[in-house]
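Student: I have a new structure to read, and I would like to learn how to go through its features one by one. Could we begin with the chain as a whole and then turn to its parts?

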Amino acid sequence: MDTITINVAGKKFVTYWKTIQKLPKTRLGRLTQSSPEYDPDANEFFFDRDPKVVNSVLNLYRTQELHLPSTMCGLALKQELDFWEIPEEMISECCWNRYTEQMQETQILDILDKTLGENGPSSDVNPTWKEKIWLSMEKPFYSVPAKVWNLIYLIFVLLAIVVFTLSSVRELRVAKPNINNITANGPYKSFRALIESDLHVILYYLDLSCIVFFTLELPLRFAVSPSKKTFFRSFMNLVDLVLVIIMWGSFCLDEIVLKNNQSQEITIIVIVLRSLLSLRILRIFHIARRFDSMKVLFLTYKASVKEIFMLFTVLIIAINIFGTLAYFAEVLAETNTFENIPVALWWAIITMTTVGYGDYYPESIPGYIVGIICALAGLVTLSMPIAIIATNFSAYYSCLPSRKQRHRRCAYMRKQGELTVERCESLHQMEGEEVTKGNVANGSKIVVVGSAVDDTGTSTTHF
């Protein structure tokens, strides 16, 4: 007979032999009666696969166009196409975007897993006491003590930033008794005025408590860290170490040296240390490190590097053009609004970014025309890359619930004894590899951002 019967999970499909032989390099195109799938009693070929996609596959043989069903997941479709040995190049262009959409989400999930780690309970069945302390300090949602610790940590981070900010307010400082007036002459008068005064007693003890807390917290995290080398590879850990040294150095100079020695050299050293204390503001990145939504924001910036670079490139070109035009327009009108071209460039920057300080502005009709075009060009230039950046953020942020569901699924299967930790990780890796291979082969664009996973199993994001 000229017909062939294909039984897919109990659903039978009948077509002509000459139809499936149109694509001889596929699984159906190579079928013969000697194939292992052939059942001589029923005179049919049996496949234990999902029958939903078979109609689309057979239509490919008939029409040379592959239109995919809209009711199937993109990853499941890819697995079926791989089984039937149908190349992705055969997918019709009208179905391509829908097919790659879910594939891209899978790759984004892999990126989120590598970058964010697992904030829930650890996959270790019986972690040691050091591992429990480390997980509690690094993962805010690991346990109830972890939540309490991270709340206390965030309070001290915010407190340190607030105290540092308020320490520059002169009304919140108290003049030191019996100190020589050294602010009358010499440089750094503002810093010298701060040196000649002390913090208010409340701010002083709050600042001291922050110094003690961060001094104890850093060696504790180092002691329970699974890898000491990896610990010091973290930029924020190095910043913490430097800040602790600077804070104690500044404290000792204030309390011991400066009270007994007010020489010019000691004053300069204190000024330098006080300046370095501004690095304390970097502790705010600890807040971002503990919340997934903040990490997604940094991932968005990394994924949008090309767009941001394009934005700055176009802005620099436009600023030079409009700044130069505005300068010569005002010079020819003899208004002398802009002293030189750099001042005109400053005006162009403020105008294109829609800030508009009003310290400089054109006063001639040609200058007005240049200003109008400059403002409109700034709006158009800023709007296009920002839309792309917003799309990248939406793509990452919308995948956070899917990531949580992935971990819930693996945790449930581990609990039922159906899946080991290694098997769960390998499944994630296989999914990512399938997506990567398929999209690299077809040149589809998937956003990939830099992330790192340390050798302790704890994911790190470098800010």
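Tutor: Let us start with the surface, keeping in mind that this is a predicted model. The accessible surface of the chain comes to about 25800 Å², and 63% of that surface belongs to carbon and sulfur atoms.

Student: How should I read the pairing of strands, and in which sense do β1 and β2 run?

Tutor: One looks for the bridges between two strands and for the sense in which they run. Strand β1 (residues 3-8) and strand β2 (residues 11-16) run antiparallel and are joined by six bridges, with T5 having V14 in β2 as its bridge partner. The two strands form a hairpin with two residues between them, and A9 in the turn has a positive phi of about 55°.

Student: Which strand pairs with β1 in the parallel sense?

Tutor: That is strand β4 (residues 44-47), which pairs with β1 over three bridges; here V8 stands opposite F47 in β4.

Student: Which residues touch the most other members of the largest nonpolar core?

Tutor: A core of this kind is a set of buried residues joined through their side chains. The largest one has 30 residues, and L28 and W84 touch the most other members. Two or more residues come from each of β1, β4, α2 (54-63), α3 (74-83) and α4 (93-116), and α2 gives the largest share, five residues. Leaving aside neighbours within four places in sequence, L28 is in contact with I6, I20, F47, V57, L58, Y61 and W84. There is also a second, separate core of 26 residues, which includes L135, Y153, F231 and I246.

Student: Why does the distance between the ends of helix α16 agree with its number of residues?

Tutor: Helix α16 (residues 365-398) has 34 residues, so at 1.5 Å a residue it should span 50 Å, and its end C-alpha atoms are 49 Å apart, which agrees. Among the buried residues of α16 are G367, C374, P385 and Y396.

How values were computed: Residues numbered from 1 in each chain as written. Predicted model: local features only at pLDDT ≥ 70, side-chain atom pairs only at ≥ 80, totals over all residues. Heavy atoms only, no water. Pairing = 2+ DSSP bridges. Helix = DSSP H or I, 4+ residues; strand = E, 2+ residues; numbered from the N terminus. Core = buried A, V, L, I, M, F, W, Y, C linked by side-chain atoms within 4.5 Å. Buried < 20%, exposed > 50% of the residue type's maximum accessible area, 1.4 Å probe, protein only. Contact = heavy atoms within 4.5 Å. Areas by Shrake-Rupley, 256 points an atom, 1.4 Å probe, with all protein chains shown as cover. Expected span 1.5 Å × (residues − 1).
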